[in-house]
Amino acid sequence: MDIKVLASSSSGNCYRISDGHTVLLLECGISIQRIREGLGFRLSEIDGCLISHSHKDHCKAVGDVIKAGIDIYLSQGTKAALGVEGHRVKAVKALEQFSIGTFTILPFDTQHDAQEPLGYLIYSKVTGEKLLFATDTYYIKYKFQGLTHIMVECNYASDILYDNITKGLVPEGLKNRLLKSHFSLDNVKNFLLANDLSKVKGVYLMHLSSGNSDAGRFKREIQEITGRQVFIC
């Protein structure tokens, strides 16, 4: 599985994955120009775009992606929130499998302050690899077997967050939103340890907070508990 990070932060998220036969975008939360540049101006190679939810940093370019002739896949709640229509707009449901080219995809519900957010379990019928993509959720209630790649949000560490609150750097309202909408380092650890990591080749930590995270620490601690290679997106 080839994974390329075009953007990963609160200001925009977009990723390209390929099994050598089918190419997908995961999110389109940056401008279409940045997407084109990130793809080496090969936008026509994209077979579909999966969108997790309706917040702008995950779907900013949705209209332009549709105009480019790319099918988008998203929940009915996200579709309604974005107000997008047309034959390129494919509403999918949690726990109802569908296919794009050589990928079989299982959406699942996540926990975030948006309408019907989704994560995606993506299986390549060509390589046998299985990728988990989950962002903007404060926990995941499912367990997964046979994963080979994990792309998961690791937004903040509780001790850094509370230290910033004490210093007056984070408003109380933002703290409450983070706690109920984003994945903390401790919750990511618990999630990873609850799952089958025996085949995992790499863990990709996404969507780190600019002020409430520590990339070096996150990478080190996740590598220590999983024994797997960790990449910071």
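**Close-up views of a predicted protein chain**

View 1. Take the contacts in the protein chain between residues at least 6 apart in sequence: 58% of them join residues at least 24 apart. Please keep in mind that this is a predicted model.

**View 2. The whole chain and its build.** Here you can trace 8 helices and 13 strands in the protein chain. The radius of gyration is 17 Å, close to the 17 Å that the globule rule gives for 233 residues, so the chain is as compact as a globular protein of that length. Along its principal axes, the C-alpha trace spans about 50 × 40 × 35 Å.

View 3. Of the 233 residues, 56% count as buried. The protein chain exposes about 9,800 Å², and carbon and sulfur atoms supply 47% of that area. As for charges, the mean positions of the 27 positive and the 25 negative ones are 2 Å apart.

**View 4. The largest nonpolar core.** This core has 25 residues, and those with the most contacts inside it are Leu132, Phe144, Ile150, Leu192, Leu205 and Ile222. Two or more residues each come from strand 10 (130-134), strand 11 (149-153), helix 7 (185-193), strand 12 (202-206) and helix 8 (215-226). Helix 7 gives the most, with 4 residues.

View 5. Leaving aside residues up to four places away in sequence, Ile222 touches Leu185, Val188, Lys189, Leu192, Val203, Leu205, Gly227 and Val230. In soluble globular proteins, nonpolar side chains tend to be buried together.

Definitions and conventions: Residues are numbered from 1 along each chain as its sequence is written. This is a predicted model: local features need pLDDT of at least 70, side-chain atom pairs count only at pLDDT 80 or more; totals for chains, interfaces and linings use all residues. Side-chain values use heavy atoms; hydrogens and water are left out. The radius of gyration is taken over C-alpha atoms; the globule rule is 2.2 Å times the number of residues to the power 0.38. Buried means under 20% relative accessible area, exposed over 50%, partly exposed in between (1.4 Å probe, protein chains only). Contact means heavy atoms within 4.5 Å. Accessible areas come from the Shrake-Rupley method with a 1.4 Å probe; for residues, only the protein chains shown count as cover. Lys and Arg count as positive and Asp and Glu as negative; His and the chain ends are not counted. The place of a charge is taken as NZ of Lys, CZ of Arg, CG of Asp or CD of Glu. A nonpolar core is a set of buried Ala, Val, Leu, Ile, Met, Phe, Trp, Tyr and Cys residues joined through side-chain atoms within 4.5 Å.
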